[in-house]
Amino acid sequence: MKRAISRFGLLRVVIFFGLLILVPILGGPVWLLNMLIFTVMYAALSSSWNLLGGLAGYPSLGHVAFFGIGAYAFAIMFQGSVGDGFSPFLALPVVGVAVALLSVPIGWVSMRTRADVFAIVTITFLFITQTLAFNLNSLTGGAQGKSVAPPPFDVSTYDWPFYYAMLALLAVAMGISFYFSRSKIGLSLATVRADEDKAHGVGVRVTAVKLIAFAVSSGMVAMVGCVWAYYVGFIYPQFAVDPLITIGMVLMAFLGGRGTLWGPVLGSFILVPAQEFFAQTFGASELYLLAYAAVFLVIMLFLPRGILPSISDRLRRRRLAAEGDARDAAQLSEVQDASKSPVTSEVAR
Amino acid sequence: MAAKNSTPELILQISEVTAGYGAGLILKGVNLDVARGEIICLIGPNGAGKSTVLKTVSGLLRPRSGAVMFRGENISALTSRERLSRGVVHVPQDRSLFPAMTVWENVAMGAFILSDQALLRRRLAEVAELFPIVAKRRSASAGSLSGGEQKQVELARSLMLDPALILLDEPSIGLDPRARSSVFASISKLAEDGRTVLLVEQNARSGLAVAHRAAVLEAGVVALTGTGQELLNDPEVARLYLGASARGPAETLAKSV
């Protein structure tokens, strides 16, 4: 059963990433690749946020601070020259690991709180970071912003490296999410999300596993920030540490389904194009924001736990109902050897 | 039973333990020796510190002073995880299952700290045999079970590490008489394999009837110890904890379990 699901899951991954890899090669309108860069960026951000907000149940609203820290790290490292243009990408893991380590004390302090208080503590961290970005003039250039040296990429394929870098980060974020869900880390996080006291009771290393989720999630978001800064070339505090980016990654995870592998991706692939489409349709007016909110409200109204969990719930309930009918018929024979046979078959799991 | 040996092996020694939350002290120098294989029941009024004693043994609360010795080792400073791996398992009073997980997953969580998958599977099979409900309701979410069923699953889960000492905090709370008697039957079964059970029970008559020995905790100290029968027959204990109206020969009380 589980083997079959994972084969199907692998197929899904291959098709999804295969198609996305082919997009630039097959060509298409310029706006498509541009929009895809931001869609994939949000998918990567949302998937990374999901490691903490979804799997561990700690809804951070300050994650864009790490995005900004990554962006500024890149701007500071590569303000002069980027060489052949590809070497900055090699620096990504360094920034990711550094920010992950930096985030540990922040996580340690903030995760002494839970739920709504945690959300407020992390949003405070966001504004502290933004204020620092405005005021540490020598480091960040303050309100004047800071630039990353432009890479010497060919004009016709200029977007490609950024696109593939974002895609790679999305793959890593999803890979981590998948690994977590199949490992003891994921099991630990599930118990933490359910009830930390109960988690302690069965011997889960609660603090350690929370910090792992926080650090990995922050480091991933920082790397996305790096690529973003490199792509846009010029960063300002209000855009690099933009509360809307935080809100975006959270909304997308909620929309697609918190704590699921594909939920954040699905949410991003709905909301980012929808936002673009509404911005096109309604032009410069603020109406597009209303339409954007309407999409979100409608989905939350009908699928309150997010798209994927609501759908899988419905499917499971239908299957259980069908199984229930069959079980009633088979009940008599089952009663006789109820206890042993299902145990041994499950053991083979 | 271990109690019948001439020199019973002490598995747990609580000596002069003080503990509390915040500023105040709940335990004010608790002394209690528990021999291997016995069921020992702690009774006492609300706030006497019965649950706190269990927490200092399982590691959910560190004692301020005094020592908790388990098999001759001072475990007072160890984390609950370390105590679990030494064979001390705590079944708390409030529902401790993960309601969204299935019964089977919950029971498997009892062996969370094990990394040996083969051992885990073997234990699951053993436990499922001991507690039929685990196999019967395996795929049901734990939250959908009745209180009595959940308690059975919690007891099953507590066996997953093959513990030497099981701490049970008011296992019969909120259960109807039938579920209660099946829980107490399970508790007797736990001790049959040489496990030691430290039981906190508000339902003193049932607790004393199942226990080999009992201790009365009052205002943070152990006021009285004796066999379950002795305490059941003690007029003072009867007056305070068994309810004056229900007084009668101990035999009938024991049968009412």
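This is a predicted model: local features need pLDDT of at least 70, side-chain atom pairs count only at pLDDT 80 or more; totals for chains, interfaces and linings use all residues.
Across the pair, B:Ala214 stands opposite B:Gly226 in β10(B).

## β9 and its other partner

β9(B) covers residues 213-218 and also pairs with β3 of chain B, residues 39-43. Here the sense is parallel, over 4 bridges. B:Cys41 has B:Ala214 as its bridge partner in β9(B). B:Ile43 has B:Val216.

How much of β9(B) is buried? The strand is mostly covered, with 5 of its 6 residues buried.

## The whole sheet of chain B

These strands belong to an open sheet of 6 strands. The order in chain B is β6-β7-β8-β3-β9-β10, and the pairing is mixed. Which strands stand at the edges? They are β6 (88-91) and β10 (221-227) of chain B. Each has a single partner strand, so one side of each is left without a neighbour in the sheet. Neighbouring strands are turned by 20 degrees against each other on average, direction ignored.

In a regular strand, side chains alternate between the two faces of the sheet.

Helix α7 of chain B, residues 177-192, lies across β3, β7 (165-169) and β8 (196-200) of chain B. The helix runs at about 150 degrees to β8(B).

## Where the chains touch

Chain B gives 22 residues to the contact, and chain A gives 16. On the side of chain B, the elements giving two or more residues are α2 (80-86), α3 (103-109), α4 (117-130) and α5 (132-136). The largest share, 5 residues, comes from α4(B).

What kinds of residue make up this side of chain B? They divide into 13 nonpolar, 4 polar and 5 charged.

## A helix in chain A

Helix α11 of chain A has 27 residues, 206-232. At 1.5 Å a residue, α11(A) should span 39 Å. The end C-alpha atoms are 39 Å apart, which agrees.

α11(A) is mostly covered: 22 of its 27 residues are buried. A:Gly233 follows the helix, and its phi is positive, near 85 degrees.

Terms used. Residues are numbered from 1 along each chain as its sequence is written. Chains are lettered from A and ligands numbered from 1 in the order in which they are written. The expected span of a helix is 1.5 Å times one less than its number of residues. A residue is buried if 20 or more other C-beta atoms lie within 10 Å of its own, exposed if 12 or fewer, and partly exposed in between; C-beta atoms are placed from the backbone. Two strands pair if DSSP finds at least two bridges between them. Axes are lines fitted to C-alpha atoms, for helices over the stretch in contact, and angles run from 0 to 180 degrees between N-to-C directions. Two residues are in contact if their C-beta atoms, placed from the backbone, lie within 7 Å. Ala, Val, Leu, Ile, Met, Phe, Trp, Tyr, Cys and Pro count as nonpolar, Asp, Glu, Lys and Arg as charged, and the others, Gly among them, as polar.
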